Amino acid sequence: MSANPPTPSIQPQRNVPALRARKGSGHPLVILTAYTTPQASMLDEYVDILLVGDSLGMVMYGEPNTLNVPLEWMCAHGKAVVRGAQQACVIVDMPFGTVQSSPYTAMDNCARVMRETGCTGVKIEGGVEMAETIGWLTSRGVPVMGHVGLMPQHVKSLGGFKKQGKDQASLDKIVADAKAVEQAGAFCVVLEAVMPEVAEAVTTAVSIPVIGIGAGHPCDGQVLVIDDILGLTERAPTFSKQYVNLNGLIRQAAKEFADEVRSGAFPGEAQGAKQEFKLKK
Ligand code: KIV
């Protein structure tokens, strides 16, 4: 018998109150986007939240921005990700135009996403201007992750995907947005593409976890787009980090297959080229 029995691994609880309580705990929240069942099952044990971002319009469907993403895509991909998630919470992005017109429409669309996907909650872009809607939703049982700073759904009015909070007025506005989202009941808030001083100010100003993306260190967690860290995106943002070059590996595998088909090396003996074909039972 071993003198030191293995310490049981303690899995942090993954539900909305537990995630919210991670603020200031010294255990940063880890979030990656996911869009498919296999991605979700591979990432699940390493992250607290799988985010079905509307970035799927760009990374999976080749859209130039996130504005053309229909609710149906979010429902289909959200359902796929929930199927692959064992322990991580799944949050689904509400696409452009599905929550902006009124709290009533927002409630109907969020309820549809939660019902059809089985996700834990939704993400909504917007600050002060969306606070009434977020309050309406959270008080009726919809867990909401906020999103302030650079809001990709505002790309047309911003004139591009630009860093935010470069002057005092802009910093003050982002802090006010984060506070409004917190007061409306959001359980955490994504802060995208801001100067580190803004991240510091927002993280100090609110009592919910602030999840940075391109916001530097002073946050309570970090989120990145899965295709960016895997090296699958042609032009990943500079704030991201590529941990592996799957693009190169996929091209290499495709090239080897093509070469082997053209030379007659595939199928080979291992693929049963010389045996009789048997149907799997
Ligand atoms: O759509 C998305 O993937 C996002 C994250 C990058 C935060 O909003």
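I count a residue as near a molecule or strand if one of its heavy atoms lies within 4 Å of it. I am working with a predicted model, in which local features need pLDDT of at least 70 and side-chain atom pairs count only at pLDDT 80 or more, while totals for chains, interfaces and linings use all residues. Residues are numbered from 1 along each chain as its sequence is written, and side-chain values use heavy atoms, with hydrogens and water left out.

**Entry on the ligand.** I looked up the residues around the ligand and found Thr 33, Leu 51, Gly 53, Asp 54, Ser 55, Asp 93, Lys 123, His 147, Val 190, Ile 213 and Val 225. I then noted that an N or O atom in the side chain of Ser 55 is 2.5 Å from a ligand oxygen, that such an atom of Asp 93 is 3.2 Å from a ligand oxygen, and that a polar side-chain atom of Lys 123 lies 2.9 Å from one.

**Entry on salt bridges.** I took a salt bridge to be a side-chain nitrogen of Lys or Arg within 4 Å of a carboxyl oxygen of Asp or Glu, and a search of the whole structure finds nine of them. Asp 93 forms one with Lys 123, their closest N and O atoms being 2.9 Å apart. Because Asp 93 lies in strand 3 (residues 89–93) and Lys 123 in strand 4, this pair ties together parts that are 30 residues apart in sequence; I use strand for a DSSP run of E of at least two residues, and helix for a run of H or I of at least four, each numbered from the N terminus. For burial I use relative accessible area (1.4 Å probe, protein chains only), with buried under 20%, exposed over 50% and partly exposed in between. Asp 93 is buried at 2%, and Lys 123 is buried at 3%.

I also looked up Arg 112 and Glu 116, whose side chains meet in a salt bridge at 2.9 Å, N to O, and which both lie in helix 5 (residues 103–117), four residues apart, about one turn of the helix. Arg 112 is partly exposed at 23% relative accessibility, and Glu 116 is partly exposed at 36%.

**Entry on Glu 125.** I found Glu 125 in strand 4 (residues 121–125). Glu 125 is buried yet has no salt bridge, and the nearest side chain of opposite charge, Lys 123, is 4.5 Å away (Lys and Arg count as positive, Asp and Glu as negative, and His and the chain ends are not counted). I noted that the side chain of Glu 125 reaches the backbone nitrogen of Gln 153 at 2.9 Å.

Terms used:
A polar contact is a pair of N or O atoms within 3.5 Å; within protein, one must be able to donate a hydrogen and the other to accept it, and residues adjacent in sequence count only if both atoms are side-chain atoms.
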